[in-house]
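Visitor: I have a structure to look through and a few questions about it. Could you take me around?

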Amino acid sequence: MVGWCPGSLDAVSRREEIAQNLTAVRERIGAGCAAAGRSPEEVRLIVITKFHTLEDIGHLVELGVTDIGENRDQEASAKIAALDPTIRQALTVHFVGQLQTNKARSVVSYADCLQSVDRPKLVRALQKALESGASQEDPQRQLDVLLQVDLGEGEDAGRGGIPPAQLPDLATQVAETDHLRLRGLMAVAPLGLDEAGTTAAFGRLADLSADLQTTHPAATILSAGMSGDLELAIAAGATHLRVGTAILGSRPDQR
Ligand SMILES: *Cc1c(COP(=O)(O)O)cnc(C)c1O
């Protein structure tokens with residue numbers, strides 16, 4: 001890793017800072033699982049590394065992190081390509097951001113799981129990209145995908161995703177492709193809700209997930225919960241948490 005000096009004081013203190021934050025988040029997950037009567041093994045932690053450095057990803061892997069997530073193709077493709085191959089191999093890379101169809105080829109070349117599938121046009125673009133071998137030179141490759149659901153109720157509270165009423169059709173469409181594997185649902189809690197509102201939103205998501213699994217039994221992943229609401233997501237049955245700031249600290253404002 002060019003420019004990274006493991007012995008330097010800055011690197012040591014940054015690593016220490018991340019280690020402490022990670023311990024605190026793991027404790028929150030443990031407490032959340034205990035309160036919900038769940039085993040921590042049912043919950044996978046994805047560290048969202050957007051805006052943070054390759055060195056930070058190296059620290060995370062050394063600290064036992066197995067999953068990272070990114071939300072912008074340009075940043076993600078450059079970072080993943082620059083990772084030390086040993087580190088890359090140790091990681092499952094999730095893409096969690098809004099995706100333009102013209103980025104489909106790029107994203108399938110480095111993502112192991114795409115969490116933000118939200119429209120038919122994107123499904124077609126991904127299938128086409130995989131069909132034409134854009135993915136790691138493997139024409140047979142199947143990509144794990146999650147459908148992103150909009151949990152906002154009318155108004156402007158939504159944060160991306162497909163309206164629940166359109167979910168069954170999108171799920172059918174994904175299931176009919178030969179290169180995409182439907183693994184579950186992802187959502188971001190609508191902005192500006194109190195605890196009861198967020199709990200209700202995650203409850204709607206859990207119901208949608210249960211419905212989906214009656215027709216798509218392999219769609220067992222429920223990706224919900226971020227730095228501010230991970231306990232509520234665990235209580236609602238989340239299997240994957242996407243945590244950024246609570247582990248890596250604040251990042252520059254997006255957009
Ligand atoms: C940035 C991001 C996260 C992490 O949010 P934090 O509040 O920093 O934990 C989770 N999910 C998605 C889709 C994101 O874009």
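Visitor: Which helix and which strand each supply at least two residues of the lining of the second largest pocket?
Guide: Happy to start there, keeping in mind that this is a predicted model. The lining consists of Arg-26, Ile-29, Pro-40, Val-43, Arg-44, Leu-45, Gly-64, Val-65 and Thr-66. Helix 1 spans 9-36 and strand 1 spans 44-48. The two elements that each give at least two lining residues are helix 1 and strand 1.

Visitor: What volume does the second largest pocket have?
Guide: Rolling a probe the size of a water molecule over the atoms shows where empty space is left. For the second largest pocket, the volume comes to about 160 Å³.

Visitor: How do the residues of that lining divide into nonpolar, polar and charged?
Guide: Arg-26 and Arg-44 are part of the lining, and Arg counts as charged. Gly-64 and Thr-66 are also part of the lining, and Gly counts as polar here. The division is five nonpolar, two polar and two charged.

Visitor: Now the ligand. Which side chain has an N or O atom 2.5 Å from an oxygen atom of the ligand?
Guide: The residues around the ligand include Lys-50, Ser-227 and Thr-245. For Lys-50, a side-chain N or O atom is 2.7 Å from a ligand oxygen, while for Thr-245 a polar backbone atom is 2.9 Å from one. The side chain at 2.5 Å belongs to Ser-227.

Visitor: How much of the accessible area that the ligand has on its own does the protein cover?
Guide: The shell around the ligand has four nonpolar, four polar and three charged residues. On its own, the ligand has 390 Å² of accessible area, and the protein covers 88%.

Visitor: What is the phi of Phe-51, and where is Phe-51 found?
Guide: Most residues other than glycine have a negative phi. Phe-51 has a positive value, with phi near 70°. Its place is the loop between strand 1 and helix 2 (54-62).

Visitor: Is Phe-51 buried, exposed or partly exposed?
Guide: Buried would need under 20% relative accessible area, and exposed over 50%. Phe-51 has 26%, so the class is partly exposed.

Visitor: And Pro-120: how far apart in space are Pro-120 and Val-108?
Guide: Pro-120 is in helix 6, residues 120-131. With a relative accessible area of 39%, Pro-120 is partly exposed. Pro-120 and Val-108 are 12 residues apart in sequence, and their C-alpha to C-alpha distance is 17 Å.

Note on methods
Residues numbered from 1 in each chain as written. Predicted model: local features only at pLDDT ≥ 70, side-chain atom pairs only at ≥ 80, totals over all residues. Heavy atoms only, no water. 1 Å grid on protein atoms, 1.4 Å probe; cavity = no way out; pocket = protein on both sides within 12 Å on 5 of 7 lines; lining within 4 Å. Points joined across faces, edges and corners; volume = space filled by probe spheres on them. Helix = DSSP H or I, 4+ residues; strand = E, 2+ residues; numbered from the N terminus. Near = heavy atom within 4 Å. Polar contact = N/O pair within 3.5 Å; in protein donor to acceptor, adjacent residues only side chain to side chain. Areas by Shrake-Rupley, 256 points an atom, 1.4 Å probe, with all protein chains shown as cover. Buried < 20%, exposed > 50% of the residue type's maximum accessible area, 1.4 Å probe, protein only.
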